[in-house]
Amino acid sequence: METIHILNGPNLNLLGMRETNIYGHKTINDLEDMCRRRASENGFQVVFKQTNSESTLVDFIQEAIGKSSAIIINAAAYTHTSIAILDALKSFAGYVVEVHISDISKREEFRKFSFVSLRADLVIQGLGLDGYIEAIDKVVEKKVNK
Ligand code: DQA
């Protein structure tokens, strides 16, 4: 069975409590359940992780190398700052989908630039948690069309 790594960066552990006007009321556990369900309906298994640490996020990306056909990543604030995460993603040969719950193009100036976008094959933003489901669907489509 093919695997998808779904990786989440800092403060996403606070989903459901944090700036609910932007990120909504669902928790990270709800998100994980939604992702696992959608992936398994389509014959994929999921490695779902969250960390507040940049180095751990790099480690998670490296763990996907040779194991997963795709990474779906919401690097959260590290999106806008981390060359280390970009470099790790460049070492991964599979499909990369960058997800943001909010539409980062419509927020503060400092959120408009994304290092992750320099490697991502696809960017999905502003769809709320459904953006992760859309990302899984795109990974599935990619496999079907191979
Ligand atoms: C985010 C957007 C980032 O700018 C922010 O730092 C986050 C979450 C999003 O999902 O909309 O923590 O990645």
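1. Lys 106 is exposed, at 69% relative accessibility. Its side chain meets that of Asp 103 in a salt bridge, with an N to O distance of 3.2 Å. The model is a predicted one, and a search of the whole structure finds 10 salt bridges.

2. A salt bridge also joins the side chains of Arg 107 and Glu 108, at 3.8 Å from N to O. Shared partners extend this into one network of Arg 107, Glu 108 and Arg 111. Arg 107 is buried, with a relative accessible area of 18%, while Glu 108 is partly exposed at 34%.

3. Lys 143 and Glu 2 form a salt bridge whose closest N and O atoms are 3.5 Å apart. Lys 143 belongs to helix α5 and Glu 2 to strand β1, so the pair ties together parts that are 141 residues apart in sequence. Both ends are partly exposed: Lys 143 has a relative accessible area of 40%, and Glu 2 has 24%.

4. Helix α2 covers residues 28–41, 14 residues in total. From first C-alpha to last, α2 reaches 20 Å, close to the 20 Å expected at 1.5 Å a residue. After α2 comes Gly 43, with a positive phi near 80°.

5. Which residues of α2 are buried? They are Ile 28, Leu 31, Met 34, Cys 35 and Ala 39. Viewed down the axis of α2, the buried residues fall within an arc of 120°, so they line one face of the helix. They pack against β1 (2–8), β2 (44–50) and α5 (130–144). Exposed residues Asn 29 and Glu 41 sit on the face of α2 turned away from its buried side.

Technical notes. Residues numbered from 1 in each chain as written. Predicted model: local features only at pLDDT ≥ 70, side-chain atom pairs only at ≥ 80, totals over all residues. Heavy atoms only, no water. Helix = DSSP H or I, 4+ residues; strand = E, 2+ residues; numbered from the N terminus. Expected span 1.5 Å × (residues − 1). Buried < 20%, exposed > 50% of the residue type's maximum accessible area, 1.4 Å probe, protein only. Arc of directions from axis to C-beta. Contact = heavy atoms within 4.5 Å. Salt bridge = Lys/Arg side-chain N within 4 Å of Asp/Glu carboxyl O.
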